[in-house]
Amino acid sequence: MKNLTLKKIAEVCRGSYFGSEEEMESEVTNVVIDSRKMEKGNLFVAIKGERVDGHSFVNSVFLQGASAVLSEQKLEEAKGPYILVESTKQALKDLATFYRETLDIQVVGITGSVGKTSTKEMIASVLEGKYRVLKTAENFNNEIGLPLTIFRLREEDEIAVLEMGISDFGEMHRLAQIAKPDICVITNIGQCHLENLGDRDGVLKAKTEIFDHLRENGIAVLNGEDEKLVTVANIQGRKPFFYGKGERNRTGEKNFIYASEIKDLGMEGIEALLHFPDGEKKVYIPIPGEHNVLNALAGACVGMQLGLTEEEICRGIENARTIDGRTNLIHTEKGIVIDDCYNANPVSMRAALDVLSKAKGRTLAVLGDMGELGRDEKKLHYELGAYAAKKQIDVLFCCGELSKELQRGALEAKENIEVFYFATKEDLIKALENYRETGDTILVKASHFMEFSKIVRFLQASVQ
């Protein structure tokens, strides 16, 4: 990692260096916070978490070959160099901010209430046709994860596609300060983290903090279907680029790139005609759900801004794939499992139910609680239950305290839907084991804290 010597790290983090002078000029090979991922030459940042204190592993990381440790505590018997700082979390951010500035690289920052990860995967797939791309892995999108992603960048990388997630005001400002995006993409403004953000106007305010550190002459790419985002008319004196499923966005302004002739192929994906500024191209999107048309359009917009041809863009869209927990289709001996259990809010739940409703054979929705919805949480769960019933889903399995409202909404919709409620995942799995039939398509979705991945693993036990 060029420019990251121990001397420079101490300077950037405003820390005090303890160790030999000759080691001060050595460069670290990576920055880690997990002792299990320690490799020779890494810098270990000791972070005190809710359950684990990284300072407990200082001696072991030195034995594993750590070049140095960032610590909030004086290390009386340190087995190697260390840098004492006031806050290791802040030092991690300061160091990532500095490191990003040393790299000649374009950064695409992606945020939004729903679809950040899917859009990140789509944009990366498009750009990989022309550039060496590094993208956010797993859920490394917060004030610890984003710096760790940036530390994975190397001089040979040309573009970073970074997912940026928040739950409160001020967080996006700090993330943008670290990433300093050249292109900002906002997927939508939905009902998420309402406990802190209040309402959708609060969500809009928090998400658009990403523009605070948009680079000079930077570009904003926004979803023109979203009535909140279309109110964003000017960023640093420049108009944003909108995309949508029609020629004009919700204000009547012409979209930069749009889609028409959309054909939903159910579990097989989507076909659409993409309209570029200078032409149009048919494209196949290999991921089910019409909402993925918008993800593809976001990828097309970013691709155009970074010099890709229409052919290169469409090829990248057609190569896009899902990842675990996000509309991931798993084919088993008994049927299809739609693994969408990484997280959930009302918008993403409806989109997932839309996908399920297109499946052949019997459809089962296994749904759990959605978190951080604020004072309207019960109402939002009730409405989702009614929505599941009206989408003609055959069977609904619910689990979680708030999902009692989901159950009630489905039953009171008075549609032809079977509804079951379970107090625990274990009870639900037992019932599902006996209820499941060959040919079923089963959607599994809930907020991350519900740990519905356990249900997916059970259903996946007989993968072909």
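1. A residue counts as buried when its relative accessible area is under 20%. In this predicted model, isoleucine 123 has a relative accessible area of 0% and is therefore buried. Isoleucine 123 belongs to helix H4, which covers residues 116-127.

2. The surroundings of isoleucine 123 come from several parts of the sequence. Leaving aside residues up to four places away in sequence, isoleucine 123 touches Val108, Ile110, Val161, Val185, Ala298, Gly299 and Val302. Glycine 303 lies 180 residues from isoleucine 123 along the chain, yet the C-alpha atoms of the two are separated by 7.5 Å.

3. Two residues deserve a look for their backbone angles. Most residues other than glycine have a negative phi. Asparagine 217, which is not a glycine, has a positive phi of about 65 degrees. This asparagine 217 sits in the loop that runs between helix H8 (200-207) and strand S10 (219-223). With 56% relative accessibility, asparagine 217 counts as exposed, because the cut-off for that class is over 50%.

4. The second case is glutamate 261, with a positive phi near 50 degrees in a residue other than glycine. Whereas asparagine 217 is in a loop, glutamate 261 is placed in strand S12, residues 257-264. Glutamate 261 has a relative accessible area of 53% and is exposed.

5. An open sheet is formed by six strands, ordered S15-S16-S20-S17-S18-S19, with mixed pairing. At its edges are strand S15 (328-332) and strand S19 (418-422), each of which pairs on one side only. From one strand to the next, the twist averages 15 degrees.

6. Within this sheet, strand S17 (residues 363-368) pairs with strand S18 (residues 395-399) in the parallel sense, over five bridges. Leucine 367 stands opposite cysteine 398 in S18. Helix H14 (residues 425-435) packs on the sheet and touches S17, S18, S19 and strand S20 (440-445). The direction of H14 makes about 160 degrees with that of S18.

7. Helix H11 (residues 346-357) packs with H12 at an angle of about 10 degrees, their axes being 10 Å apart. The angle is under 35 degrees, so H11 is roughly parallel to H12. On the H11 side the contact involves Pro346, Met349, Arg350, Leu353 and Asp354, which meet Leu380, Glu383, Leu384, Tyr387 and Ala388 in H12. By class, the residues of this H11 contact with H12 are seven nonpolar, no polar and three charged.

8. Helix H12 (residues 377-390) also packs with helix H13 (residues 403-412), at an angle of about 40 degrees and with their axes 6 Å apart. That angle makes H12 oblique to H13. The crossing in which H12 passes H13 is right-handed.

9. In the contact of H12 with H13, H12 contributes Lys378, His381, Tyr382, Leu384, Gly385, Ala386 and Ala389. The residues from H13 are Ser403, Glu405, Leu406, Arg408, Gly409, Ala410 and Glu412. These residues of the H12 contact with H13 divide into six nonpolar, four polar and four charged. Leu384 of H12 takes part in the contact with H13 and also in the contact with H11.

Methods. Residues are numbered from 1 along each chain as its sequence is written. This is a predicted model: local features need pLDDT of at least 70, side-chain atom pairs count only at pLDDT 80 or more; totals for chains, interfaces and linings use all residues. Side-chain values use heavy atoms; hydrogens and water are left out. Axes are lines fitted to C-alpha atoms, for helices over the stretch in contact, and angles run from 0 to 180 degrees between N-to-C directions. Helices (H or I, at least four residues) and strands (E, at least two) are DSSP runs, numbered from the N terminus. Angles under 35 degrees count as roughly parallel, over 145 as roughly antiparallel, 65 to 115 as roughly perpendicular and the rest as oblique. A crossing is left-handed if the near helix is turned anticlockwise from the far one by less than a right angle, and right-handed if clockwise. Contact means heavy atoms within 4.5 Å. Ala, Val, Leu, Ile, Met, Phe, Trp, Tyr, Cys and Pro count as nonpolar, Asp, Glu, Lys and Arg as charged, and the others, Gly among them, as polar. Two strands pair if DSSP finds at least two bridges between them. Buried means under 20% relative accessible area, exposed over 50%, partly exposed in between (1.4 Å probe, protein chains only).
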